[in-house]
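Biologist: Please show me the model, and then let us go through some of its local features one by one.

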Amino acid sequence: MGFGACLNCGGTGSEFDDQLGHTLCTNCGNVLEENRIVSEVGFSESATGAAVANGFMVSKDSANARGVRSDSREQTIANGHRRIAQVASQMNLKMKYIEEAQRYYNLAVANNFNKGRRIVCVVAACLYIVCRMNSIPYMLIDFSEALRVNVFVLGATFLRLVQTLNMVDPVKLPLVDPILYITRYASKLEFEDKTPDVIRDANRLVKRFSRDWLHVGRRPNGICAACLFIAARMHGFNRTKREIVRVVKICEATLQKRLDEFQETPSSKLTVSDFQTIWLEEQMDPPAFLKHKKRAAAAEEGEGEDEDGAETPRGSQDGEGENEGDADGEDEESLETEMDALMADEKIQRLLNTDEDLPEEAYIFLDDDADIRNVLLEEHEIQNKTEFWMEENKDWLEKQEQKRKRQEMEGDRPKRANIKRKKGPYLAQNHASAAEAATNMLTTKKTLSKKINYNVLTSALDFDEDSKSAIIGMGVAFSKGKGMSGSPAPFSVTGFGTVSVDDMVKEMVETG
């Protein structure tokens, strides 16, 4: 590739440096081009004779060439991108949403958000942000089912990620609109050819909920469940609460609470045709505000004063509380009277006072008691209850049966006797001398070594006090070998041979 004249000297000669990738002027050495990347592909022959392309491949997401060891952050980003693609394909998301989620994951890694958190939680949070930004009808509970992760763990990770990326503002991260999920849930409830009509009325109900402040602070699936339930009844579909709850993934108490809140609004008093044609401009106060007003009004009514100015006890007016107290007292007295009459019966007293085992005929009169008849089961009830218990505890029964068979098999085998050797008590003995103690030890304990002549060692220890003093005076130390357990009779004194203790003592006595 040719270059023009050098800007420094005006020369036209140039040379390319393969090592640095620079193009230099041959006249003055000025660098005409740096880090030149060529598009030509060169090949070389390997040791096996195969053709190998020269150079490295650099991907768009990598800072290093392929074949060069990358750092841990690049590996983390690559694993996250691969995991995002897997989850997105499972959720049927388009490629542009995958790339957007990968960019959010890069920001999370740059802020060290992934440290100490599972990669699936961070991936789900990034994908959910993309769904919120692009109005895709997916909620966190959908990612929780796909990844088999606790939805509250995902929710906590999502909130932390939003705070880390500074996306708490609703302008940056829009709020969830329940209308997005109406079509999705309506298709699962199978309204047949009236599905568009049900969706239209459900969307109108969602707007009415928003107008009456019923959607603020509520989860979108709870609003969708209430609207679909009402819209289904408007078009003659008798969908139960259990069916709605199973599709929308909420509890029946939440659905009932949303229905109760809508029942307090003026729109709930309209007929089906009026609701489909009339839009009320008035709006209700938020449910929390109305609930507080009701509590305040009830407190004011309960704290009213009578004509004399004395304060009436809360919850009672015109002596109503006193009447209720009297009624409770009368009920307790009647119950005590009835119990005393039952306990005074002769048959009951005979059963209570006897210590002997009575025959079954003595208890026959109890069969006429209504409470006992309710407790006793009939044959078919006993059978049904037994079958139900066996089915519920089938696993436990199988384990018990396996345990019983294992014990029977072990019972057939002869048991090995566990012989425990009893150690005799240590008896302290007083010896007159060290020689006597050593002799006693050698005679009482088993043989310590086969290479020791214990007879010679015993005789060597039997010498008088003068010989002992002579030996000690010469500085001869009797080696005990392995501790105090004894030593071989022959031992080396000079290093040139071995001599027995007996020979050494005899030599000492002869020489005086």
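Modeller: First a definition: patches are made of residues with over 30% relative accessible area and no salt bridge, with like charges joined within 9 Å and nonpolar side chains (Val, Leu, Ile, Met, Phe, Trp, Tyr) within 5 Å. A salt bridge is a side-chain nitrogen of Lys or Arg within 4 Å of a carboxyl oxygen of Asp or Glu. This is a predicted model, where local features need pLDDT of at least 70, side-chain atom pairs count only at pLDDT 80 or more, and totals for chains, interfaces and linings use all residues. Residues are numbered from 1 along each chain as its sequence is written, and side-chain values use heavy atoms, without hydrogens and water.

Biologist: What accessible area do Leu335, Met339 and Leu342 have together?

Modeller: Met339 lies in helix H13 (residues 320-343); helices (H or I, at least four residues) and strands (E, at least two) are DSSP runs, numbered from the N terminus. Areas come from the Shrake-Rupley method with a 1.4 Å probe, and for residues only the protein chains shown count as cover. Leu335, Met339 and Leu342 form a nonpolar surface patch, and their accessible area together is about 290 Å².

Biologist: Is Met339 buried, exposed or partly exposed?

Modeller: Buried means under 20% relative accessible area, exposed over 50%, and partly exposed in between (1.4 Å probe, protein chains only). The value for Met339 is 42%, so Met339 is partly exposed.

Biologist: Which residues does Cys25 contact, leaving aside neighbours within four places in sequence?

Modeller: Cys25 is part of strand S2 (residues 22-25) and is buried, at 4% relative accessible area. Its C-alpha atom is 5.9 Å from that of Gly13, twelve residues away along the chain. Counting heavy atoms within 4.5 Å as contact, the partners of Cys25 beyond those neighbours are Cys6, Cys9, Gly13, Ser14, Asn30 and Leu32.

Biologist: How many disulfides are there, and how far from Cys6 is the nearest cysteine sulfur?

Modeller: A disulfide is counted where a pair of cysteine sulfur atoms is within 2.5 Å. By this rule the count is zero. Cys6 is in no disulfide, and the nearest cysteine sulfur, that of Cys28, is at 3.7 Å.

Biologist: Where is Arg148, and what is its phi?

Modeller: Arg148 sits in the loop between helix H4 (140-147) and helix H5 (151-164). Arg148 is exposed, with 77% relative accessible area. Its phi is positive in a residue other than glycine, near 60 degrees.

Biologist: Is Glu192 buried or exposed?

Modeller: Glu192 belongs to the loop between helix H6 (179-189) and helix H7 (195-211), and its phi is near 60 degrees. Its relative accessible area is 65%, so Glu192 is exposed.
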